[in-house]
Amino acid sequence: MKIQCFDSPQEDAVKQLYTLVRQYNTEVMGYNDARPLNVLAWNDREELVGGVGGRTIYGHFLVEVVWVAADNRRGGLGRQLMETAEQEARARGCTAAQVDTLSFQGREFYARLGFTVVGQIENFPPGHQRYFMHKLYT
């Protein structure tokens, strides 16, 4: 057996890890309903100005990334992107959503959307906190 540590992406091997974990999960759960869920916005010059990336799985919407260009922040685009993504998640049968964020990122933004903090790690990164947030759909 050979064990190695890499500081490069190793994309093929990591993709294989995900595939193997999903195979195992399918064996245990009896199904695999994971689907990407991405909502993107472009300006008139075809430049990406915002988006939400994640996936739906096991009745939950896992929010993996949310970004809005600096010139488009605080104008409602982030809310519109999230609401569009959550509407699609609900249409897929999701009953909840989850996200993690850092204290200098979007904790207040997600709270305004109905997410609550269900866990946090202090001083990660140093001087900040990491928040795990959850939202039940009614």
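Accessible areas here come from the Shrake-Rupley method with a 1.4 Å probe.

**Figure 1. The whole protein, shown as a predicted model.** By that method, the accessible surface of the protein comes to about 9800 Å², and carbon and sulfur atoms hold 52% of this surface. The C-alpha trace spans about 55 × 35 × 35 Å along its principal axes. Of the 138 residues, 29% count as buried. Three helices and six strands make up the set of elements, and their order along the sequence is α-β-β-β-α-β-α-β-β. Among the contacts with a separation of 6 or more, 48% are made by residues 24 or more positions apart.

**Figure 2. Strand β4 and its pairing with β3.** Let us begin with the strand itself: β4 covers residues 96–102, and five of its seven residues are buried, leaving the strand mostly covered. Strand β3, residues 60–68, pairs with β4 in the parallel sense, and three bridges join the two.

**Figure 3. The antiparallel pairing of β4 with β6.** Here β4 meets strand β6, which is made of residues 129–136. The two strands run antiparallel and are joined by seven bridges. A handy pair to pick out is A97 and K135, with K135 standing opposite A97 in β6.

**Figure 4. The right-handed β-α-β unit.** In the loop between β3 and α2 you will find A69. Is A69 buried or exposed? A69 counts as buried because its relative accessibility is 14%, and the cut-off for buried is under 20%. A69 and T95 are 26 residues apart along the chain, and 29 Å separates their C-alpha atoms.

**Figure 5. A nonpolar patch on the surface.** Five residues form this patch: Y24, V28, M29, Y31 and Y58. Together they have about 500 Å² of accessible area. For a closer look, turn to M29, which lies in helix α1, the helix of residues 11–29. M29 has a relative accessible area of 40%, so this residue is classed as partly exposed, the class between the 20% limit for buried and the 50% limit for exposed.

Note on methods
Residues are numbered from 1 along each chain as its sequence is written. This is a predicted model: local features need pLDDT of at least 70, side-chain atom pairs count only at pLDDT 80 or more; totals for chains, interfaces and linings use all residues. Side-chain values use heavy atoms; hydrogens and water are left out. Buried means under 20% relative accessible area, exposed over 50%, partly exposed in between (1.4 Å probe, protein chains only). Helices (H or I, at least four residues) and strands (E, at least two) are DSSP runs, numbered from the N terminus. Two strands pair if DSSP finds at least two bridges between them. A crossover is right-handed if, with the strands pointing away from the viewer, the path from the first strand over the helix to the second runs clockwise. Patches are made of residues with over 30% relative accessible area and no salt bridge: like charges are joined within 9 Å, nonpolar side chains (Val, Leu, Ile, Met, Phe, Trp, Tyr) within 5 Å. A salt bridge is a side-chain nitrogen of Lys or Arg within 4 Å of a carboxyl oxygen of Asp or Glu. Contact means heavy atoms within 4.5 Å.
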